[in-house]
Amino acid sequence: MSEAALSALAQLTSLQTMLALVAGVVTGLVVGILPGLGGTAGLALLLPLVFGMDPNSALAMMIGLLAVTTTSDTFPSVLMGIPGTSGSQATVLDGFPMTKRGEGTRALSIAFVSSLAGGIFGAFVLSFAVFFAKPIILQIGFGEQFMLVILALSMVGILTGANLWKGLASCSLGLLLGALGAAPLSGVQRATFGTEYLLDPLPLVVIGLAMFATPEIVDLLRRQTSISETGKLAPTGWMQGLKDWASNWWLSLRCSMIGSLIGALPGLGGSVVDWIAYGHAVQTTKNRESYGTGDPRGVVAPESANNAKEGGALVPTLLLGIPGSGSMAILLGGLVLIGIEPGKDMIDNNMDKVYLMIWSIAAANIVGAGICFFLAPQIARVTTIRYTLVAPFMIGIIFFAAFQATRNWGDLIALLLLSVLAIYMKRFGWSRPALLIGFVLSERVEASVYQTVTLYGFSFLERPIVLVLVALTLVSIGLAVFFKQSSSEPVTVEGPHSHLRKGPQWIFIIGVIALAAYIFQDGLQFNRLTGLFPMVASISTIIFLAPILFVMLTRNAPSEYFYDAELKNAPEGGRSAEFYIGMLIVMLLFSGLVGFVLGIATFIAIFLWRAANLEWWKAIIGGAGFVLFLGILSNQLTLRYPTGLLQNFVTLPWPLQ
Amino acid sequence: MWDGLKKLVIGAAVAAAISLPGAVQAGDDFSLEGKTVTWVVGFREGGGTDRLTRVLQTKMSENLPGNPNVIVLNKPGGGSVTASNDFHANAPADGTMLIMASTSGLLPVLLGSKVAKYDPNEWVAITGFARGASLYAISDDIGLGGEDMKADYEALKNANIRFGTETPLSAELLDFVSMEMLDIDANYLFGLSSKDAEAAFQRGEMNMNTDNTRSYLKDYGEDPKVNPVWSYGVIDENGDLQRDPDLPDVPTFPEFYQAVTGKKPEGPAYEMQKSLMNAKVMLSKAVMLPKGTPDHIREVYIEALKNVTSDPEVAAALPREIGSMPLNFGDDTQRALASGTALDPEVREWVAAFLQERFDTSLD
């Protein structure tokens with residue numbers, strides 16, 4: 001073992017391999033920092049290079065790339081509240097509020113050191129797991145996977161926000177959104193609203209952007225002059241971040257363990273790791289009311305877990321030849337392409353290659369975190385810029401990011417519609433994390449319930465690992481009930497919990513019921529494989545809404561059941577959220593006419609000129625700069641942007657198409 | 001159905017004969033110099049279809065007249081249905097756009113799905129990449145001896161077979177139909193992607209699985225506990241079914257059928273089986289030009305693909321992606337396509353009834 005490990009270390013430290021690794025890391029950081037891009041886009045960039053390269057270098061380069069995309073994706077999620085990948089969604093919850101306090105550098109620093117610790121831990125676990133993990137992984141059958149999903153879902157309990165029923169209804173709504181499009185058990189398209197876009201389920205990245213990015217952008221436009229409320233960066237900066245991590249090292253370690261475990265086990269998939277880690281942090285630490293308001297522990301937990309996940313996900317990839325996560329599937333593809341095939345054969349005969357991967361993960365995490373540390377203070381300055389100057393570019397970027405999901409007009413429309421939902425969820429106190437967790441798990445819930453019951457009936461409950469998971473689930477539910485959050489706002493007539501002016505809340509709830517009813521009646525026309533899940537999800541949504549409806553109808557005093565943030569402190573002189581929603585609609589309609597690139601550029605220029613009061617020529621330079629940015633990306637990554645109706649008649653030159 | 005095929009082949013031959021002199025001439029001036037050739041892939045980067053395309057892409061430019069810039073455009077969605085719809089409606093027929101089709105793009109057409117608004121039969125076939133497939137099982141669990149097909153058949157009929165697949169309408173329909181022809185029933189478990197099904201098979205929760213020959217050999221070639229029941233073979237240039245060259249000792253499905261029932265397979269079920277075999281094995285992947293592409297451009301691309309696939313570097317990489325089955329070009333590919341994407345009404349009726357009865361699944 002040690003011989004292979006040392007020989008692999010010697011191979012990695014050869015100049016050529018090391019350079020390849022660093023090149024991979026830099027590419028990974030660049031694609032990671034751009035919301036919506038990630039491992040797949042990075043791999044497309046590397047492929048022309050790895051052909052004909054010596055296998056060690058190619059391997060180091062690809063691992064280097066994939067190991068750090070979850071490090072640099074922290075920049076947009078912490079600094080701008082834009083979760084560009086599924087791995088950075090939970091980080092937004094506390095990372096972004098820290099940034100708004102002017103502590104962007106500190107939050108980034110916590111995130112990077114946590115990523116580093118998690119990444120190294122993942123590599124460490126991997127180096128042992130390749131010897132003994134196979135029998136454990138083979139124990140995780142359908143019954144165990146089903147209970148893992150239920151356990152994950154139970155952790156939503158602690159993230160439901162101030163009102164339990166609204167939290168559960170949000171989670172159900174997430175399940176409901178997950179039921180749109182092709183059914184996982186039959187492939188039949190259900191509740192497609194007649195669109196080709198919903199041949200597939202809604203993409204997770206679009207949901208993440210809509211839930212977290214758009215409502216924040218609209219809020220910031222209405223309230224603030226820059227992202228950092230003080231307009232400055234706190235001087236303590238990144239040293240403080242290191243201290244924060246050090247005082248939470250035990251949490252970081254626990255979350256790293258969770259991350260590598262979930263990465264290695266079948267059943268949950270990588271995208272829910274950061275939420276489980278976040279839920280775990282809230283469940284097991286003191287002073288939980290500060291979560292969601294910029295608590296460093298809320299950054300430590302998900303960032304430790306999502307880098308540790310990659311090492312864990314390599315375990316089944318190497319042992320069984322079955323990829324443990326999305327990026328591992330890409331890695332597997334890339335490795336096959338250069339003639340390396342992970343699996344039994346590699347463990348038996350090519351142990352030095354296995355160690356080369358392990359060392360590469362560790363080295364890539366160190367190099368990647370190092371570069372990010374170095375860049376953090378500079379990049380964090382963006383949060384001190386006047387927000388009206390930043391906002392149009394951020395809107396351009398979130399639409400660009402959403403478009404990467406399936407490269408279809410539908411991505412942009414879905415982002416807009418879901419953004420509207422999220423803006424009102426935020427306003428009326430519905431938990432957006434709960435919706436997201438419901439959505440992420442919906443396909444697994446649907447498939448694993450059916451598979452377990454079909455194969456085992458209820459006898460799966462006799463399996464020992466299942467029983468352990470049942471116990472953990474009960475503990476998790478108990479914690480959620482015991483430590484129920486209460487609203488930070490006073491329950492008064494003047495506050496947001498007022499019983500007066502419930503009209504807007506009525507409209508929202510009726511909208512949700514209408515959606516559930518539509519999906520229910522759509523489900524009626526299908527067989528059980530296709531129709532059962534959406535019907536169950538619709539009914540559970542309505543059941544969870546029932547207590548809220550009852551209180552809405554009967555109670556004539558302030559209550560935690562009522563919430564409307566607009567009653568609190570509507571910003572003076574600012575425009576309404578509806579104004580900005582209208583603005584986005586106009587922008588998309590215009591793009592539909594002239595194409596995405598020209599549409600977004602025109603929007604940026606007009607916004608800079610009218611809203612940010614820039615001189616017209618500066619505004620035009622701003623729009624043109626974004627066009628150039630899109631053009632370069634389209635060349636490098638072979639992207640084609642959504643075209644407009646008028647482009648059927650006129651062919652535009654690069655980079656305007 | 002064979003009449004239809006015959007007509008098609010004769011038609012293609014006549015068309016080729018008429019256009020041949022012209023093709024040579026036009027081929028001389030046809031150049032893609034300074035142009036960009038876009039190669040559409042209906043899946044994300046890194047999947048099997050994408051990988052094969054990128055292997056070929058490396059040598060494509062140097063083998064096309066005028067050495068155009070060749071790019072791969074990934075348009076994921078609906079298992080390549082979205083990209084195929086767009087390709088069918090909008091791709092220019094001037095040799096600047098081609099598509100890498102695959103089984104998952106052909107199946108919806110074969111089964112007459114509403115979402116597929118394209119007909120690959122109208123496209124111009126260049127090259128088909130055949131990839132062998134077999135059905136294999138955990139021998140002890142089912143009671144397979146591997147010596148006597150009749151004894152194995154009895155074991156299969158009496159065993160509790162557990163078989164995990166994606167959906168009733170995925171490419172495993174080939175296995176369902178084959179087993180149905182032999183009255184073998186299984187406990188089918190849906191919602192499992194091929195990697196999930198593979199994992200469940202490794203855990204022993206499933207005891208039967210299907211995969212391409214290459215993956216089967218890599219994962220279980222040395223494992224005495226896992227053995228193939230039958231392979232789906234390969235169709236040679238005479239249109240006859242031969243054994244899979246990588247599994248020379250394994251009977252093909254028709255061989256197995258004949259050995260255990262004493263009859264040759266026939267009837268609508270077998271027509272269905274053959275169509276699915278063409279879609280899944282013979283056209284595992286296929287390079288196509290848009291409908292209406294002139295013959296001289298077709299010839300240029302057939303020539304180019306012949307050169308690309310015999311380039312030493314590409315030839316070395318191909319077995320990793322598709323195994324060692326021979327490639328098919330031009331008319332051969334078009335013929336496989338005709339079988340792999342169209343059903344006679346009686347065959348369609350049979351499969352619709354089968355799906356309804358066995359899986360409560362309607363074809364529409």
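Select chain B to begin: its secondary structure consists of 15 helices and 13 strands, where helices (H or I, at least four residues) and strands (E, at least two) are DSSP runs numbered from the N terminus. The model on screen is predicted, so local features need pLDDT of at least 70 and side-chain atom pairs count only at pLDDT 80 or more, while totals for chains, interfaces and linings use all residues. Residues are numbered from 1 along each chain as its sequence is written, and chains are lettered from A and ligands numbered from 1 in the order in which they are written.

**Chain B as a whole**

Viewed along the principal axes, the C-alpha atoms of chain B fill a box of roughly 65 × 40 × 35 Å. The radius of gyration of chain B, taken over C-alpha atoms, is 21 Å, which agrees with the value near 21 Å for a compact globule of 364 residues; the globule rule behind this is 2.2 Å times the number of residues to the power 0.38. Of these 364 residues, 52% are buried, a residue being buried if 20 or more other C-beta atoms, placed from the backbone, lie within 10 Å of its own, exposed if 12 or fewer, and partly exposed in between.

**The two domains of chain B**

Next, colour residues 2-130 + 283-346 of chain B as domain 1 and residues 133-278 as domain 2; these bounds come from an automatic or database domain assignment. The domain centres, taken over C-alpha atoms, are separated by 29 Å. Between them, 17 residues of domain 1 are in contact with 14 residues of domain 2, contact meaning that the C-beta atoms of two residues, placed from the backbone, lie within 7 Å. On the domain 1 side, select α4 (103-110) and α14 (330-341) of chain B, each of which supplies at least two of the touching residues.

**The sheet in chain B**

Now show the open sheet of six strands in chain B, whose order is β2-β1-β3-β12-β4-β13 and whose pairing is mixed; two strands pair if DSSP finds at least two bridges between them. At its edges are β2 (69-74) and β13 (328-329) of chain B, each pairing on one side only. Strand β1 (residues 36-41) of chain B runs parallel to β2(B) over six bridges, and B:V37 has B:V70 in β2(B) as its bridge partner.

Turn to chain A, which has 27 helices and two strands. Its radius of gyration of 24 Å is close to the 26 Å that the globule rule gives for 657 residues, so chain A is as compact as a globular protein of that length. The C-alpha trace of chain A spans about 75 × 70 × 55 Å along its principal axes, and 58% of its residues are buried.

Select A:V206, A:I398, A:A402 and B:M288, the residues with the most contacts inside the largest nonpolar core, which has 318 residues; such a core is a set of buried Ala, Val, Leu, Ile, Met, Phe, Trp, Tyr and Cys residues joined through C-beta atoms within 7 Å. Helix α7 (residues 104-139) of chain A gives the most to this core, with 17 residues. Around A:A402, leaving aside its neighbours within four places in sequence, the contacts include A:G36, A:V206 and A:L415.

**Where the chains meet**

Finally, display the contact between the chains, which takes 42 residues from chain A and 36 residues from chain B. On the chain A side, α3 (39-50), α15 (326-337) and α20 (432-456) each supply at least two residues, and α15(A) gives the largest share, six residues.
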